[in-house]
Amino acid sequence: MDVLEKLYDPKKVEKKWYEESLKKGYFQPSPLAKASSYTIVIPPPNVTGFLHMGHALNSTIQDVLVRVKRMQGDKALWVPGTDHAGIATQNVVEKSLKKQGKTKEDLGREAFVKEVWAWKEKHGNRIVDQLKKLGASCDWERERFTMDEGLSKAVRRCFYMLYEKGLVYRGYYIVNWCPRCGTALSDEESEHKELKGAMYHLRYALEGGESSGEWIEVATTRPETMFGDVAVAMNPNDERYKYLKGKSLILPILGKKIPVIEDEHVDPDFGTGLVKVTPAHDPNDFEMAKRHGLTWSFVMTDNAKMKNAGQYDGLDRFECREKLILDLKKQGILVKIESHMHSVGHCYRCDTIVEPKASKQWFVKMKPLAERALQAERDGKVSFYPKKWTKIYTEWLENIRDWCISRQIWWGHQIPVWYCDDCDEQTVELDDPEKCSGCGSVNIRQEQDVLDTWFSSWLWPFSSLGWPDATKDLEDFYPTQTLVTAPDILFFWVSRMIMAGLEFTDTVPFKRVYLHGVVRDDQGRKMSKSLGNAIDPLESVEMYSADALRFSLLMLAPLGQDVQLSSEKFVLGRNFANKIWNAVRFLSMNVDETLSEQEEDFSPKPVDIFDKWILSRLHRMIATVSESVEKFRFNDAVNCLYDFIWHDFCDWYVELIKSRIGEVETQKFALNVLNTSMLCLHPFMPFITEEIWHLLPLTKKKSSIVVSEWPELSLDLIDEEVEKEFSLIKDVIQSTRNVRRELKLPLNKELCLIVDCRQEQTKTLLEGRKDILSKFAKLSSLEIGVDFEKPADSRAIVRDYGTLYVSLVGLIDTDVEKKRLNRELEKVEIEISKIAGKLSNSAFMNKAPKEVVEKEIDRRKKYENMKQNLLDQLDLL
């Protein structure tokens, strides 16, 4: 075994081994795998996307699952791909054209779509290349794109099947309209935020009562829509307004007559109990107008400029609101303005406030599809982790509304419907029709709208494997086993995929859904460009390594909980890699040169308690890591690996065997433990483990750790008694070392120790290990007994098994030490007093940022702990 370089250099290692894995095809499902298939499909990132920490967490979790299953002998496949991201990609290309002084209309649809394809070919693999730098072991030979030929065929078949069953229809409904993107949005794409708005109380005069001052008061949050009012509604049971039945009102500004109508859906307790009815711009008003046979008119253009609004035509909707309120106030129509918190929809893509708008759109009937998806969860065919998401999934499906699938953009799957100019027939066929299916006319034209991006994404688990064709991949790898994603697309994507899988393949597309948390900054805020708190994963990889980023992210990510992250936390992963490297380097410097040439079995038996203990701890680690991964408790898995490798193996076992490291059997045993540890660590830190794997002199070794077998768990090697005994030995040694460190004694200074045991059994056990205790605690004398008297001039350490006494005679000058400790105590008490002053100052508590206050609270805890430690030391003296 060659001696390793002094410092580990991840830059040399990571690119080398990733390229090797690609070259050798290690990420492809093994045709020799004897177990069942295990498939994950990647949540396809947008082609416009840049890697962020959410992607890093998501891809790392998937990679761990796939690497473990691959090593466990499953036919493991991780299907990669990207999403065409209709609105987002079109916006990017339109911005690019704008810099050239052009618009998409200047190019025309066909040329514009070609322009987008060209952009995609140039920039679309950016996020894929970034994922590779994290170590994603996807089968890149199977990479898909939501607008490639196969997936386009799947989308066409899906639409046709739904249309034939009457589950796709076109109709006038209120939709969420984004004035910025110029398209309809589904309910899920309209993200609601609580905003501080206003309730405007307006006077509507009774017909004929203008001169006498007869009027009623109407409250609204959107006065600019009043130009589209077609009625004012009251609840028929509201006694206050019985006198208004059958009457008409005069619409302010326009002077138009509108009726008073009665409708049970009016809430008498909201506002004044009278509501203006604007069917073209409010979903509730739209339904009310249908019930009462009212017509309507639009008062806004597609880009939210006013129309049919008299003098306000051409104004932006919010500009109109400001001017209108001033005019209404001058005319005495504005009664009052009240502050009002309300939930307002925003475009998920550009954050523009959406406008409810009556529009003719294409929809999917969701109720029939949702029922099967609900039943699948009830029957245990699909499960959510953490369990809390089950209730949210269920409630959403039980209250689901039809899905608006048409978008008024050019980039995407053009809706496969043809209209006939000579009759009213709509033609929907699997191939582009040449004539009308009704009258046979050739004067047909295709629908101009495209399908919602999610309409291709909801087919992803099976379309990416070849559906609707009966491919070998579809047969071998579908349904998939696990889906890993963020909870913010539970409705957009996860639930729809379950519905699609059941509808088109008659099975759930995956059995388990793991919804991980959101990556936030160390103050708990969501990372965003606007806050300036986003951490670039690639910069972190450059500074700390991909292994460090992966390991640190998972260590900070409990099951389904949010991750609070700062760049400094990646130091943890980097230090761990360095610790491993140093331990391997020590072994490399002491391993027999001929060891790698030996052909015999490389699994030697334990020779002493050290070996038995580390072997027991090793197999306990294998059990914990295997179980934790299966239960999506990735932080438990990495914490277990960290504790075993850093503390058990590096800190204790390597030190314990230094005196016999020259023995070949000891070297074999240590290397075997190290090898098994690297196998367990590999899915989490693939690069350093691959490098070490190739350096270890092992027989029967496969060509790469990627395709090596997961360690076999031997429960009979987990020895509770040995672990309990060694835990006791460790505690005596560690407690003695702590005294040495606290008293700032030289490491080579031998101590005198008395162990006063509570039980004879403990005494007997420790007496049998006196040589180990004396050697590793560096003791000149050691007494072990039961019911000792406390020796004079000694430091006492109370443990659950007894009390340790370290003699201070000749080690320190007690008086000098007391003076030193009292000086330290005085300094600490001054700091505590300063912090207490700050925290009791109301001005500081009210004005200081939350993080500053929390920092002071943490400082107080630190100094209070220091104070208690100093008092304990003084007490012992």
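Biologist: Rings of Phe, Tyr and Trp (its six-membered ring) pair if their centres lie within 6.5 Å, with planes under 30 degrees apart stacked, over 60 edge-to-face and the rest tilted. Which residues form one aromatic cluster here?

Modeller: The cluster is made up of F159, Y163, W362, W403, F455, W458, F462, W467, Y478 and F504. Please keep in mind that this is a predicted model, where local features need pLDDT of at least 70 and side-chain atom pairs pLDDT 80 or more, while totals for chains, interfaces and linings use all residues. Residues are numbered from 1 along each chain, and side-chain values use heavy atoms, without hydrogens and water.

Biologist: How many aromatic pairs does the structure hold?

Modeller: There are 43 aromatic pairs. In one of them, the ring centres of Y169 and F363 are 5.5 Å apart and the planes meet at 15°, so this pair is stacked. Y169 belongs to strand 5 (residues 168-178) and F363 to strand 14 (residues 355-364), so the pair links distant parts of the chain, 194 residues apart; helices (H or I, at least four residues) and strands (E, at least two) are DSSP runs numbered from the N terminus.

Biologist: Are W403 and F455 buried or exposed?

Modeller: W403 and F455 are both buried, where buried means under 20% relative accessible area, exposed over 50% and partly exposed in between (1.4 Å probe, protein chains only). Their rings form a tilted pair, with 5.9 Å between the centres and 45° between the planes. W403 is in strand 16 (residues 403-404) and F455 in helix 12 (residues 453-457), so the pair ties together parts that are 52 residues apart in sequence.

Biologist: What is F159 in contact with, beyond its neighbours within four places in sequence?

Modeller: Its contacts (heavy atoms within 4.5 Å) are V168, W362, I405, I415, P416, V417, V428, L451 and F455.

Biologist: New topic: how many disulfides does the structure hold?

Modeller: It has zero disulfides, a disulfide being a pair of cysteine sulfur atoms within 2.5 Å.

Biologist: Last one: which residues of helix 5 are buried?

Modeller: In helix 5 (residues 109-123), the buried residues are R109, F112, V116, W119 and K120. The face turned away from this buried side carries the exposed residues E110, K114, E121 and K122.

How values were computed: Expected span 1.5 Å × (residues − 1).
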